[in-house]
Protein chains: 2
Amino acid sequence: MKNPLDQPTATIHTMRARLATPDPPPATDPKLDALVREIIERVADKWTMLVLEVLEEHGVVRFTRLGELVGGISQKMLTKTVRQMESDGLVKRTIHPVIPPKVEYELTNLGRSLGTAFCGVWIWAEEHHEEIDHARRTFRRDSEIA
Amino acid sequence: MKNPLDQPTATIHTMRARLATPDPPPATDPKLDALVREIIERVADKWTMLVLEVLEEHGVVRFTRLGELVGGISQKMLTKTVRQMESDGLVKRTIHPVIPPKVEYELTNLGRSLGTAFCGVWIWAEEHHEEIDHARRTFRRDSEIA
DNA sequence: CTGCATCCCAAAGGATACTG
DNA sequence: CAGTATCCTTTGGGATGCAG
């Protein structure tokens, strides 16, 4: 697909205006949009959200335990995800210089704030899982007809 | 540090307990959790969220235009993403039997409700992008020291 | 033992060409 | 225009190795 120019796409301004902020009109700032979009691309990730969930639930967790709690994640991806989250300031990593080694992970305030923001999606999933299930069945059935 | 969201771990379970029935639901249903988790894994996807955003902003959009508005997505992924969203009941796909072909995409009510739920994350990204940026710089700097 | 890096293979994703 | 098919690159996952 041709991608002549990164169309400024993301327009959070509309949604913000919709919600509460009676701020000045959305003089769309392309740089801000690009920035926000980049963050969404990073954060809208399956493993990131799952790790976030687990840390939110369990507080301070060690590496292996974190992997168990997330479930179905490879060490490699867990490392990568958790490093990225750390670099973005979502997670704090504490190394205890003991033998055997002990490294603990926990959310930062920033991480917790993301968890809160994303909480709405968990609730959405819980409230609408039946609709989704129904839609999937209908879609499959319609596809079979063809 | 204006962060009204700094509550101790808002999770789906604690939220449920908080909002819904005050007595019985501390017991977690593993099947429901698995179901909800599966939905999160599907939905917590970069392209899905970006397409959702675009459709929320622009209403009814044709295929090519949708790709342009999302930006940086290949035809393949756009097709795949939009098909998956359709099968999950988030998107309605309308084929107009004309030449040249015309296929229009728009959100369903379910899709719009997800958009609303995810809106909190966009706002979060906008409010905290500076913190993230700072965290990244700090992380890089600290890494360079080592 | 814990935690992370490496190797290797499978799967996801991008670019292009082509059809209805 | 809206895809599908094809080819090729990039990324993710399992297993292993290894340092602390």
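Chain A of the predicted model exposes about 8,100 Å², of which carbon and sulfur atoms supply 55% (Shrake-Rupley method, 1.4 Å probe). Because the model is predicted, local features need pLDDT of at least 70 and side-chain atom pairs count only at pLDDT 80 or more, whereas totals for chains, interfaces and linings use all residues. Residues are numbered from 1 along each chain as its sequence is written, chains are lettered from A and ligands numbered from 1 in the order in which they are written, and side-chain values use heavy atoms, with hydrogens and water left out.

Chain A contains six helices and three strands, taken as DSSP runs (H or I, at least four residues; E, at least two) and numbered from the N terminus. The order from the N terminus is α-α-α-β-α-α-β-β-α. Of the 146 residues in chain A, 43% are buried (under 20% relative accessible area, 1.4 Å probe, protein chains only). Among contacts with a separation of 6 or more in chain A, 46% join residues 24 or more positions apart (heavy atoms within 4.5 Å).

A backbone N or O atom of F63(B) lies 3.5 Å from a phosphate oxygen of DNA strand D, and a polar side-chain atom of Q75(B) is 3.1 Å from a base oxygen. Two or more residues each come from helix 5 (75-87) of chain A and from helix 4 (63-70), helix 5 (75-87) and strand 3 (102-107) of chain B.

Terms used: Buried < 20%, exposed > 50% of the residue type's maximum accessible area, 1.4 Å probe, protein only. Polar contact = N/O pair within 3.5 Å; in protein donor to acceptor, adjacent residues only side chain to side chain.
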